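Thank you all for coming. I would like to walk you through one structure this morning, going from the domains to the ligands and then to the chain as a whole.

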Amino acid sequence: MAKKELRIGMIGYGFMGRAHSNAYAKVNHFFDLEYRPVLAAACARNAEAVQAFADNWGYASIETDWRKLIERSDIDAIDICVPNNLHREIAIAAAKAGKAILCEKPLSMNTQEGEEMCQAVEAAGVPNMVWYNYRRVPAVTLAKNIVDSGQLGKIFHYRANFLQDWTISSEVPQGGGALWRLDAAAAGSGVTGDLLAHCIDTALWLNGGIRDVVAMTETFVKERMHVETGKVEPVGIDDACAFLCHFENGSLGLFESTRYARGHKALYTFEINGEHGSVRWDLHDLHRLEFFDHRDAGATRGWRSIHVTDHGGEHPYMDRWWVPGLQIGYEHSFVHQVADFLAGYAEGKAVGPTFRDALETQKVCDAVLASAAGRNWQAVG
Ligand code: NAI
Ligand code: SOE
């Protein structure tokens with residue numbers, strides 16, 4: 001049977017523009033879905049560059065103004081893959097135009113913006129989702145299944161890190177190109193919104209709500225050349241952030257993120273410790289989930305390293321890929337997210353994380369930044 005079309009208007013052709021385009025291209029080859037994404041148009045300001053992107057990925061047309069893209073009646077869904085300061089305006093305009101919206105993380109620059117975005121999509125009744133893709137790494141989804149089954153028992157601790165090392169040199173400028181992440185006006189915050197937001201999204205999903213936080217941040221390089229102004233300007237983002245928190249379920253959280261951990265490129269790890277067992281995961285070894293069960297027989301009790309590649313429905317998503325034992329990687333998390341979105345779209349069901357779900361992460365980020373600024377505990381929300 002011919003598939004129904006979901007005509008995608010992609011805004012941005014950088015890292016995420018490529019990751020999502022790859023997911024749209026692959027998803028129907030591996031998942032049985034009623035809908036298929038059609039690469040209808042790609043949009044960015046530079047016509048030559050966006051045309052090259054469109055030619056490479058097979059987009060049928062281009063636009064250089066996102067407003068024109070949103071006005072088009074031959075686009076069903078807008079995919080927002082641009083710096084954080086543009087998410088709000090594009091999402092609200094897309095909602096008013098009745099488009100489905102797939103928005104990159106973090107949802108917004110702050111909670112206020114995020115609330116406006118939630119109100120816009122809810123008033124318009126349009127499907128919406130935020131690309132917190134790590135939820136859909138099979139080993140992370142397996143962790144969710146284990147936690148939800150109650151096998152870990154009462155949870156005591158949740159610990160997460162996201163460590164990188166690419167901004168240590170004071171010669172790295174801020175603003176422009178992919179360096180918008182170092183410019184507070186474009187990014188909103190530093191590692192808190194860029195990296196800890198992922199850790200927080202996963203934590204809220206696996207371990208429930210966060211009640212309050214106490215945080216510290218540091219900006220190690222105080223001034224950097226700004227690519228757009230050509231002047232040395234103060235740096236407004238947090239280079240490193242650590243926070244403690246209480247979860248609603250009574251467990252304690254410990255989170256750390258930095259771009260100054262020499263040797264670490266994208267070391268996202270989390271560990272959950274419960275009464276009966278623990279799980280831990282590491283993005284550098286993303287197809288493995290480590291699991292400890294205290295109820296195992298004493299002689300063989302110990303940490304198991306589960307290679308999450310088996311079929312039969314127990315290892316999430318894996319029956320769609322290769323034979324058991326053969327692993328998949330980072331880009332597949334986006335394929336899984338598109339597959340889930342399309343399945344929900346067909347049934348008219350919301351697929352998490354929705355804008356409203358992602359707003360909870362935004363609230364935690366805001367509380368973390370307020371706590372660091374005020375050197376005190378902050379309630380979330
Ligand atoms: P990037 O810098 O690689 O690409 C940004 C794109 O936005 C470029 O194509 C640029 O031309 C375009 N752009 C900027 N201003 C525009 C405008 N006014 N109109 C149209 N296009 C415009 O950035 P990247 O890494 O792709 O990040 C984009 C978003 O994705 C950010 O919100 C970021 O936080 C998020 N992200 C999420 C990741 C994940 O793991 N889910 C990974 C990397 C980024
Ligand atoms: C930053 O280097 C970055 O690309 C983030 O923007 C992403 O969200 C994260 O998944 C990987 O690191």
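Predicted model: local features only at pLDDT ≥ 70, side-chain atom pairs only at ≥ 80, totals over all residues.

Let me start with the domain assignment of the chain, which gives domain 1 (4-133) and domain 2 (134-351 + 359-379), the bounds coming from an automatic or database domain assignment. Residues are numbered from 1 along each chain as its sequence is written, and chains are lettered from A and ligands numbered from 1 in the order in which they are written.

The C-alpha centres of domain 1 and domain 2 lie 23 Å apart. The contact between them takes 35 residues from domain 1 and 34 residues from domain 2, where two residues are in contact if their C-beta atoms, placed from the backbone, lie within 7 Å. On the side of domain 1 that touches domain 2, the elements α1, β2 (35-43), β5 (100-103) and α5 (111-124) each supply at least two residues, and the largest share, 8 residues, comes from α1. Helices here (H or I, at least four residues) and strands (E, at least two) are DSSP runs, numbered from the N terminus.

Turning to ligand 2, we find it surrounded by Gln164, Asp194, His198 and Ala266.

Finally, to the chain as a whole, whose secondary structure comes to 10 helices and 17 strands. Along its principal axes the C-alpha trace spans about 65 × 60 × 40 Å. Buried residues, meaning those with 20 or more other C-beta atoms, placed from the backbone, within 10 Å of their own, make up 48% of the 381 residues. Among the contacts with a separation of 6 or more, 69% are between residues 24 or more positions apart.

Key
Buried ≥ 20, exposed ≤ 12 C-beta atoms within 10 Å, placed from the backbone. Near = placed C-beta within 6 Å.
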